[in-house]
Amino acid sequence: MTVSPNVDFIVVNGPIYTSDPLCEWAEAMAVGNGRVTAVGDEAAIRAMAGPDAAVVDLQGRLAMPGLVDVHAHLGLGGRQAAYELPLLPTDSTAEIFAKIRQWAENLAPDEWVIGGIVGSTVMDDITLEDLLQLDEAAGGRPVLLRDDSMHNRWVNTRALELMGVTASTPDPEGGTYSRDDNGALTGVLQELASPVGEEAAAASTQESGERHATAFRTAVQILNSFGVTAVQEAATMDYALETLADLDRRGELTAHVVASMPSRPFIEPGITGPELYDIGELHRTEHVHPDFSKYVLDGVPMTRTSAMLSPYLCSHGSHDPDHTAEPLWELGELTASLEALVDRGLHAKLHATGDAAVRLVLDAVEQVRASRGEAPIFQIAHVEYIAPADVPRFTGLGVVPDASPYIWFPSVIQESIAKQIPAETFDKSWPLKDLFLDGALVSGGSDWPCSAPSPDPWTGLETMITRRNPDPEVPGDLNGGQALDIRQAVAAFTRHPAAAMGLQDTVGMLRTGLSADFIVLDRNIFEEDPATIHATQVLQTYFEGRVVHDAAAEHAPV
């Protein structure tokens, strides 16, 4: 075999899982100019590379493609990690108040306390007494806390004052200022009431380009540390597009990022729709792909705003027994909007958590396929509930199930949802196996910082297989018959989301010509007990052939 001049190094001495259905396993791999130049047996790779090629010795460790996260909020997650009060979804109100008191000690008297994430089980039961304790814990400072769905906020009395909201203030369209039975505000902001709180907090914060850069840089570094080298940013505002493009032009962006620009006013305030799409195109770079628009079809089941085919639980007469929640779009306007989007050359990520919203999207896509063909990509995010008759339509219409967030196992979110959704629907949630076997591109995403405090893909990958909480103290499984096997779960975090993002010719597999994005693990997840996968540690992450995360170097003593 002729020695190739296009090899910078070879990877040997450990199993290499390629996630390529044509050749799943390899003994060695050659890398040159940031690309995979060859994959195969070690003798052939060494002969091609020549005796002077650098060598990455796996020392028996497993290497596999860099993971792909089809749904994350980099701005929110990075800002939270870099600047904000960290809360766990399992924290009780007492624990939240204690953390706020400690955090506030380092703040100025009028500085906002901003943090998250608050668990749905806490948000379910917030009272006026909780609001008063939140006021006390913050010492008179305004507070804004985000919940685990990121659709809702919890603010205190001072924040309500700065928002200009009183008990007599009418609810904004598409949102609610929650009140108790006596009409008193509890501080809970649901859906499109949340931007009112966000805008008030933002008005007091000295946002800057460097602050944004730090947030996004932090977010990508965290993703790299978990082995993620490509991500779809799920709600990309104008400042995010500018920041990501600037980072890439400076050579500081160590992941492929696909942007999803909101089609309508969103929970995060800012420019939306065609004006934002134009801004997106101005910020297209080698690694920033402003190729998707984000559509929101409904809310979340915890607040009874997911559009369902069957009524929510009645809760002893305190709720309308016929309530199903209405989708935020009508079929005709959604179809027309998607056709106009496709005519711009863009694709769509559509948030639909309820089975009625999912059906609406499928109906619209069916019409768009008839008029615009098979090329556009349509993703439905958070396919928790799908009517059985609609499951095969995903494959038939070429619609991607964005199986996010990481809540297909018992958790505080599921505990909250079970209070709202009838058992016959709840027990059939997340039909991932049926979708996968039917041929749909089941794609895993973290939805970070929603639902979980980190974008850890290994928890999501494990629980696709076990349908159990990694914490052994949390019993039971969630629709265990829909569990995937290890190869299916890995596909859902590598080649499937790569194709779902339109990057199948760049990432998602270790195949000749694709980006040399790969990771080295501390264990062989194909041989481990699946219940231990959540403990996987990424030893090294390579992005385009260069190390962007090295656990040994980062933990070495200074």
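Is Arg393 buried or exposed? Arg393 counts as buried, at 18% relative accessibility. Here buried means under 20% relative accessible area, exposed means over 50%, and partly exposed lies in between (1.4 Å probe, protein chains only).

## Basis

This is a predicted model, in which local features need pLDDT of at least 70, side-chain atom pairs count only at pLDDT 80 or more, and totals for chains, interfaces and linings use all residues. Residues are numbered from 1 along each chain as its sequence is written, and side-chain values use heavy atoms, with hydrogens and water left out.

## Nonpolar cores

The largest nonpolar core holds 99 residues. Such a core is a set of buried Ala, Val, Leu, Ile, Met, Phe, Trp, Tyr and Cys residues joined through side-chain atoms within 4.5 Å. Among the residues with the most contacts inside it are Met64, Leu297, Trp458 and Ile525. Helix 12 (residues 355-372) gives the most to this core, with nine residues. Helices (H or I, at least four residues) and strands (E, at least two) are DSSP runs, numbered from the N terminus.

A second, separate core has 18 residues, including Ile96, Phe97, Leu107 and Ala137. In soluble globular proteins, nonpolar side chains tend to be buried together.

Six strands form an open sheet with mixed pairing, in the order 9-10-11-12-14-13. Two strands pair if DSSP finds at least two bridges between them. Strand 9 (85-86) and strand 13 (175-179) are the edges, and each pairs on one side only. Strand 10 (residues 113-118) and strand 11 (residues 143-147) run parallel and are joined by five bridges. Gly116 has Arg146 of strand 11 as its bridge partner.

Helix 7 (residues 194-203) packs on the sheet. Helix 7 touches strands including strand 10, strand 11 and strand 12 (153-155), where contact means heavy atoms within 4.5 Å. The direction of helix 7 makes about 105 degrees with that of strand 14 (185-191). Axes are lines fitted to C-alpha atoms, for helices over the stretch in contact, and angles run from 0 to 180 degrees between N-to-C directions.

## Thr186 in strand 14

Thr186 lies in strand 14. Thr186 is buried, with a relative accessible area of 5%. Not counting residues up to four places away in sequence, Thr186 touches Ile126, Leu131, Trp154, Val155, Ser178, Arg179 and Asp180.

## Salt bridges

The whole structure contains 29 salt bridges. Each is a side-chain nitrogen of Lys or Arg within 4 Å of a carboxyl oxygen of Asp or Glu. Arg511 and Asp20 meet in one of them (2.8 Å, N to O). Arg511 lies in the loop between helix 19 (495-500) and strand 22 (518-521), and Asp20 in the loop between strand 2 (16-17) and strand 3 (25-26), so the pair ties together parts that are 491 residues apart in sequence. Arg511 is partly exposed at 30% relative accessibility, whereas Asp20 is buried at 6%.

Arg146 forms a salt bridge with Glu84, the closest N and O atoms being 2.8 Å apart. Arg146 sits in strand 11 and Glu84 in the loop between helix 2 (74-83) and strand 9, so this pair links parts that are 62 residues apart in sequence. Both Arg146 and Glu84 are buried. Arg393 forms a salt bridge with Asp390, with closest N and O atoms 3.3 Å apart. Asp390 is buried, at 3% relative accessibility. Salt bridges that share partners join Arg79, Glu84, Arg146, Arg153 and Glu198 into one network.
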